[in-house]
Amino acid sequence: MPWDVIVWGGGSGGIAAALQSARSGAATLLLTPGIWLGGMLSAAGVSAPDGHELSCWQSGLWGALLRELDRRVPEGLDQNWVSCFGFRPDQAEAVLQDWVDRETKLCWWNSTQLLDVVRSQDRIEAVVVCRDGVTTQLRADVLIDGSDLGDLMALAEVPFRFGWEAQEVWDEPSAPSQHRLERDPFFKAQPIQSPTWVVMGQCSQGHAPEHPLHPPQGPFEHCFDGFGLERMLTYGRLPGGLVMLNWPIDGNDWHQGLERCIAAEPDRRADLDAEMQAHSNSFLNTLQSCSGGWLQPGQGFPGKNPELALMPYWREGRRLKGLEVVSERDILPLHPQAKRGPLPLDAGGLCTSIAVGTYVNDHHYPGDNWPLAPKSCRWGGRWTGTPFCIPYKALISPSTANLLIADKAFSVSHMANGATRLQPLIMNIGQAAGLAAAMAVDQRMAVSDLPIRPLQEALIQEPQAPAAVMPIWSWPTWHADWRDAQLRACRDPEGLTDEGEISHELAAGLRLPAPDQGPSSPRAETVKGRLRTTAEGSWTLDTTKASLPLITLEPGVQASLQDTRDGQALTLLAAHNPWGPWLRVLRILS
């Protein structure tokens, strides 16, 4: 049967695209190679997501997923210190599959092999797939590549990038010069960021041994130097003491033969998968021995190897050569004091953003850390990333009129990919792609001809999962004026200040969130104490029992704490994260 929209790939962006396409009225078919959805979030096991932690960025399907997980997970999401959210992969997968089951216009075929693409001039006419031994040709008005590596894009012979770009291409401050790129063998040996095959451990009751054995000489020799074993493991702790082993320091990142991830020969890709799996299993075995058995293999996934993720965590693969490209210049602050990146504007001054990213720029390679231009700022008592925008045309191929990219293979430079590859932003990009596809089908137009303003307003006004398109700090997504603030800034981008606020004139009539308003949690507790502040902008609450660091994800709380004098007595509603360790302040009660 003909479909309105076909989505290939079950990545974090692919599932978001399929859900939003169906919710927007398009008959949608989701094709996935594996038995699970979710990509990074579940099948790849990266279920302590980075970025978009603040409530002003918890929008769209990403925010909806967080709220549903917080409702379903009895222990809550305050489980580790790398993220403000930790959940088991199967918990995220259960939410996503429930959502898919509810959509009457969405059909999901799992365990499907993508064999071929039929093209006619500038369009993809059909995809050829195999499922349960049956080969089928499927047609759709719009195709969406929602895979981590850009598989559909490559099979359709859509131009893409793979590897590094020289600094001279886009004037990216952290990129290598053309001279160095041509002469240093590192860049050929390491064409993309290192992937990880996540493996799960299970912590026993109590604490890790105080004096664990030192890892033997080899790739993991210094994996917990500077942290200690227990601190290293609680980096990725999940509910029930499950541990996500996705550790970059002498851990289970894999650095060898990465060009095989896009090889046409199945045997080469299978060899790469086997090497990554063996490396991660060896890492788990080493930590199990060092802990004297305190850490055991965990059970996070279906199948005969429940400790191993169902797919690798690909940080990078193919990247579309799109109508626009997001470079490092587009993700960095406007200037050192700014609290946002530049807005993408067309020739008429219209802002073309369809999603907001926030993560710091984070690259994974063997050896020393790659020096990157600073992108972080202090907010809420901790470091966070400066928000930036993704333009709609970065999802569109100039050579293929009915194709959209919904996962990390969209048009982005190698350097900027370190900030754009994370689950929250990819979900929001996928949501925008799904909505654009449904609108293009409804209006019978090429995806590149879709007017941007109606797409932006439809994202902001989306009934089930309204999504941000503008980098505004002041209003959390739960606030009654959040939509209005987003719409005003979208319609008048000149009213958005360098600090990520909207001007007084543009904000007329809007109310700011009060510190005693906001979300609650069944696991939150009332805490009393005195505030202590530090010169670098962090906070501690002195209670009768202990002194605990404070963080917050709430703009109203952040503004109030900044204006509170040192030593002031406070009563807070807060969630305790013992692995942070910190109190996450939800409200200031008095």
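A: Let's start with tryptophan 247, which is buried, at a relative accessible area of 3% (buried means under 20%, exposed over 50% and partly exposed in between, with a 1.4 Å probe and protein chains only). Keep in mind that this is a predicted model, where local features need pLDDT of at least 70, side-chain atom pairs count only at pLDDT 80 or more, and totals for chains, interfaces and linings use all residues. Residues are numbered from 1 along each chain as its sequence is written, and side-chain values use heavy atoms, with hydrogens and water left out.

Searching the whole structure turns up 18 aromatic pairs. Rings of Phe, Tyr and Trp (its six-membered ring) pair if their centres lie within 6.5 Å; planes under 30 degrees apart are stacked, over 60 edge-to-face, and the rest tilted. One of the pairs is tryptophan 62 with phenylalanine 85, edge-to-face at 5.8 Å centre to centre and 80° between the planes. Both tryptophan 62 and phenylalanine 85 are buried.

Back to tryptophan 247: its edge-to-face partner is phenylalanine 227, with 5.2 Å between centres and 85° between the planes. Phenylalanine 227 itself is partly exposed, at 34% relative accessibility.

Elsewhere, ring pairs join Trp164, Phe186, Phe187, Tyr365 and Trp370 into a cluster.

Charges come in too: arginine 23 lies over the face of tryptophan 99, 5.5 Å from the ring centre (the rule is NZ of Lys or CZ of Arg within 6 Å of the ring centre and within 35 degrees of the ring normal). Likewise, the charged end of arginine 382 sits over the ring of tryptophan 582, 5.8 Å from its centre.
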